[in-house]
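Please look through the sequence and the model below before reading on. The report that follows takes up a few parts of the model in turn.

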Amino acid sequence: MTEAPSGPWGPEYDDRRAHAPRDHPRPPQDDPEFEGPLFALSKAAWQVVLLTGVASLILGVLVLVWPGASLFAAGILFGLYLLISGVFQLVAAFGTHRATSLRVLAFISGALSIVLGLFCFRGPMQSILLLALWIGIGWLIRGITQTLAAIHDRTMPARGWQIFLGIVTFIAGIVLIDSPFRSVAVLTLVCGIWLVAVGVVEIVTAVRMRSHAKKVPQAL
């Protein structure tokens, strides 16, 4: 069949060109860029780690350069924490707890937190002293409970290390309570060094994560 069909169909209904070779193929259209969830997640992961590392590095340098100002800021934040937690505990005392004993305990704890928080705003020395005593008492209680739990539980993994860490935490709590200002100053320097180290490690990790993220196909 070489002629176009005649009749009412006309040449516009000729289908002989459907299977004819195309001399000028139609250029493919560019698909819109689409980032798959795995590709987007890998790209966002190294960016988050990089920002965290930079923030830790900057904060560590600030703590090491201005330890006094860092202690003052920590004391103010600790005072704000006590005030806010005290208000929430007072609200819980009158709202959520049904038992009278729980209401009384929540009220006493909230009122004490508010008083201690206001005490922090009387001056930087008071806030630093209270912060040191708070940390020291926390370490003291944690050291005792961790040591006793490791001694009585023979199936605890790394039982020897748990006992050792409990004793060290207990001693650190005693030292912090005995000489709070000197101990908090040393603790501030240690915290600054630790923040710098963590920041450097996270920045290096983010650079490595970026190199691996480039290997993830964009469509995944």
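In which helix does Ile144 lie? Ile144 lies in helix H4, where helices (H or I, at least four residues) and strands (E, at least two) are DSSP runs, numbered from the N terminus.

## The model and the chain

This is a predicted model, in which local features need pLDDT of at least 70 and side-chain atom pairs count only at pLDDT 80 or more, while totals for chains, interfaces and linings use all residues. Residues are numbered from 1 along each chain as its sequence is written, and side-chain values use heavy atoms, with hydrogens and water left out.

The protein chain holds six helices and zero strands, and its pattern, read along the sequence, is α-α-α-α-α-α. Of the 220 residues in the protein chain, 22% are buried; buried means under 20% relative accessible area, exposed means over 50%, and partly exposed lies in between (1.4 Å probe, protein chains only).

## Helix H4

Helix H4 covers residues 124-152, and its 29 residues should span 42 Å at 1.5 Å a residue, the expected span being 1.5 Å times one less than the number of residues. The C-alpha atoms at the ends of H4 are 42 Å apart, which agrees with that expectation.

Several residues of H4 are buried, among them Ser127, Ile128, Leu130, Leu131 and Ala132, and the buried residues also include Gly136, Gly143, Gln146, Thr147 and Ala150. By contrast, Ile144 counts as partly exposed because its relative accessibility is 39%, and Trp139, which also lies in helix H4, is partly exposed with a relative accessible area of 30%.

## How H4 meets H5

The axes of H4 and helix H5 (residues 159-178) come within 7 Å and cross at roughly 155°; such axes are lines fitted to C-alpha atoms, for helices over the stretch in contact, and the angles run from 0 to 180 degrees between N-to-C directions. H4 and H5 are therefore roughly antiparallel to each other, since angles under 35 degrees count as roughly parallel, over 145 as roughly antiparallel, 65 to 115 as roughly perpendicular and the rest as oblique. Sorted by class, the contact of H4 with H5 has 17 nonpolar, eight polar and two charged residues; here Ala, Val, Leu, Ile, Met, Phe, Trp, Tyr, Cys and Pro count as nonpolar, Asp, Glu, Lys and Arg as charged, and the others, Gly among them, as polar.

## Aromatic pairs

A pair of aromatic rings is described by the distance of the centres and the angle of the planes. Three aromatic pairs are found in a search of the whole structure; rings of Phe, Tyr and Trp (its six-membered ring) pair if their centres lie within 6.5 Å, and planes under 30 degrees apart count as stacked, over 60 as edge-to-face and the rest as tilted. Phe78 and Trp134 form an edge-to-face pair, with 5.4 Å from centre to centre and 70° between the planes. This pair links distant parts of the chain, for Phe78 is in helix H2 (residues 67-95) and Trp134 is in helix H4, 56 residues apart. Phe78 is buried, with a relative accessible area of 9%, whereas Trp134 is partly exposed at 38%.

The rings of Trp161 and Phe164 have centres 6.0 Å apart and planes at 85°, so this pair is edge-to-face. Both Trp161 and Phe164 lie in helix H5, three residues apart, which is about one turn of the helix. Trp161 counts as exposed at 61% relative accessibility, while Phe164, at 47%, counts as partly exposed. One aromatic cluster is formed by Phe78, Tyr81 and Trp134.

Ile58 lies in helix H1 (residues 37-65) and counts as partly exposed at 49% relative accessibility. Ile58 and Leu195 are 137 residues apart in sequence and 8.5 Å apart in space, C-alpha to C-alpha. Cys191, in helix H6 (residues 180-213), counts as partly exposed at 36% relative accessibility, and its C-alpha atom is separated by 7.4 Å from that of Gly60, 131 residues away along the chain.
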